[in-house]
Amino acid sequence: ESIAIRMSLYGLKVLVIDLDQQANLTKGFQIDEVARTTPVMIDVISKAAEPQDSIVTVTEGIDMIPSRLDNVTLDSYMMINRINPINVFKRLYGNLLAKYDVIIFDCPPTLGTLVCSAMSFSDLVIAPLNPDIYSYEGIEIMEKEVNEIKNEFTIDISWRILLNKFDSRTILSTDYITQLIKDKKYSQKLLKSVIRTSQEFPN
């Protein structure tokens with residue numbers, strides 16, 4: 001959410017695609033009420049709705065394809081109907097995406113079929129890392145699954161790590177960024193920018 005807003009403030013035309021069935025990003029942009037009657041990805045992929053009808057305007061410079069609980073069946077639908085995940089978004093949306101400077105996918109934490117589609121379409125995959133042991137273990141799992149996707153579909157996926165909820169006042173945040181910098185395996189993937197903890201978002 002914060003990345004999309006900042007990019008739009010720089011004058012870029014941004015499309016945000018919420019693929020998480022929990023729809024936290026949709027709720028964050030306060031269009032969850034609109035999303036109840038707006039087609040989401042499961043409607044578009046199942047051809048129950050036209051792709052252009054799923055795009056809504058959040059504010060000037062930011063459009064969105066929202067999500068809702070219906071998207072929980074996306075992965076199983078794609079598997080049952082043998083939909084090739086590669087180039088799904090290009091096939092569905094085609095020239096509709098050409099008017100945007102930046103397209104941001106907000107994906108669920110599990111790497112399913114649709115997330116594979118988003119990764120194959122993206123120039124860069126960003127893995128947010130919270131300063132806790134569970135997120136660090138998740139990075140290792142993600143690397144393994146990214147490599148499996150690359151090998152299975154013979155595609156190149158570029159991915160980086162973004163430290164999230166960083167608070168320089170806490171020992172935990174400092175320890176984790178120090179650990180990442182020293183880690184030969186992941187230090188080169190660590191972005192220099194961080195997302196700092198902010199009370200403004202929950203407020």
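1. Two strands are taken to pair if DSSP finds at least two bridges between them. The model discussed here is predicted. In it, strand β1, residues 14-18, pairs with β4 in the parallel sense over five bridges. Within this pairing, Leu15 stands opposite Ile103 of β4.

2. Strands of a sheet pair through backbone hydrogen bonds, in either a parallel or an antiparallel manner. Here four strands make up an open sheet of mixed pairing, in the order β2-β3-β1-β4. Its edge strands, β2 (56-59) and β4 (102-106), each pair on one side only. On average, and with direction ignored, neighbouring strands of the sheet are turned by 30 degrees against each other.

3. The antiparallel sense is found between β2 and strand β3 (residues 62-65), which are joined over three bridges. Thr57 has Asp63 in β3 as its bridge partner. Two residues lie between the strands of this hairpin, and Gly61 takes a positive phi near 95 degrees there.

4. The largest nonpolar core has 20 residues, and Leu19 and Met41 have the most contacts inside it. Two or more residues each are given to this core by β1, α4 (41-45), α5 (74-80), α6 (88-93) and α7 (113-121). The largest share, four residues, comes from α4.

5. Beyond its neighbours within four places in sequence, Met41 is in contact with Leu19, Ile65, Asn71, Leu74, Phe89, Leu92 and Tyr93. A second, separate core comprises 17 residues, among them Leu129, Met142, Val146 and Trp159.

Note on methods:
Residues numbered from 1 in each chain as written. Predicted model: local features only at pLDDT ≥ 70, side-chain atom pairs only at ≥ 80, totals over all residues. Heavy atoms only, no water. Axes fitted to C-alpha atoms, helices over the stretch in contact; angles between N-to-C directions. Core = buried A, V, L, I, M, F, W, Y, C linked by side-chain atoms within 4.5 Å. Buried < 20%, exposed > 50% of the residue type's maximum accessible area, 1.4 Å probe, protein only. Contact = heavy atoms within 4.5 Å.
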